[in-house]
Amino acid sequence: MTDTDAKPAGELVLRTLAMPADTNAAGDIFGGWVMAQMDLACGIRAAERAKGRVVTVAVEKMFFAKPMKVGDTLSIYAEITRVGRTSMTLSLEAWAQRYLSDVMEKVTHADFVMVALDQQGKPAPIPAE
């Protein structure tokens with residue numbers, strides 16, 4: 001592991017493989033693809049906590065530290081950092097396991113704000129744990 005033996009924060013929510021169709025002209029994986037995977041993971045974890053439908057309302061403090069490459073395995077870790085009445089904030093980290101190696105590097109992190117919705121699409125209270 002690199003990053004001075006840093007370890008991911010939060011729980012593993014999603015793993016996927018970076019493929020050639022996800023690249024930009026320079027051959028790196030699109031940052032938007034990584035962000036979309038983070039949004040999927042965030043939606044999974046937030047829906048579990050809200051016990052229902054959620055939507056992304058904001059992405060804060062996103063920083064791309066390292067590129068993803070074709071063949072890397074992307075792992076998304078999530079931690080709920082705040083729960084309000086109808087919204088919650090999750091801290092997400094995206095880590096790349098480099099192709100055919102044990103090397104893990106954090107490629108980006110961000111805070112996502114999610115809102116719980118009722119069946120009519122209106123903000124809904126998040127149940128107590």
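How many bridges pair β1 and β3, and in which sense? The two strands pair in the antiparallel sense over 6 bridges. Before going further, please note that this is a predicted model, where local features need pLDDT of at least 70, side-chain atom pairs count only at pLDDT 80 or more, and totals for chains, interfaces and linings use all residues. Residues are numbered from 1 along each chain as its sequence is written, and side-chain values use heavy atoms, with hydrogens and water left out.

Let us start with the sheet. Strands here are DSSP runs of E with at least two residues, helices are runs of H or I with at least four, and both are numbered from the N terminus. Two strands count as paired if DSSP finds at least two bridges between them. In general, strands of a sheet pair through backbone hydrogen bonds, either parallel or antiparallel. In this model, 5 strands form an open sheet in the order β1-β3-β4-β5-β2, with antiparallel pairing. At the edges stand β1 (11-17) and β2 (54-64); each has a single partner strand, so one side of each is left without a neighbour in the sheet. From one strand to the next, the twist averages 25°; axes for such angles are lines fitted to C-alpha atoms, for helices over the stretch in contact, and the angles run from 0 to 180 degrees between N-to-C directions.

Leu14 stands opposite Ile76 in β3. Strand β3 (residues 73-83) also holds Ser75. At 3% relative accessibility, Ser75 counts as buried, because buried means under 20% relative accessible area, while exposed means over 50% and partly exposed lies in between (1.4 Å probe, protein chains only). Leaving aside neighbours within four places in sequence, Ser75 is in contact (heavy atoms within 4.5 Å) with Leu12, Leu14, Arg15, Glu93, Ala94 and Trp95.

The next strand is β4 (residues 87-97), which runs antiparallel to β3 and is joined to it by 10 bridges. A hairpin of 3 residues links β3 to β4. Along this pair, Ala78 has Leu92 as its bridge partner, Ile80 has Leu90, and Arg82 has Thr89. Strand β4 is mostly covered, with 9 of its 11 residues buried.

On to β5: β4 and β5 pair in the antiparallel sense over 11 bridges. Trp95 stands opposite Lys106 in β5. The hairpin of β4 and β5 has 6 residues between the strands, and there Leu100 takes a positive phi near 55°.

What lies across the strands? Helix α1 (residues 31-50) lies across β1, β2, β3, β4 and β5 (104-116), running at about 50° to β5. Met35 is found in helix α1 and, at 30% relative accessibility, counts as partly exposed.

Gly52 is partly exposed, with a relative accessible area of 31%. Another place to look is Asp118: the C-alpha atoms of Gly52 and Asp118 are separated by 7.7 Å, although the two residues are 66 residues apart along the chain.
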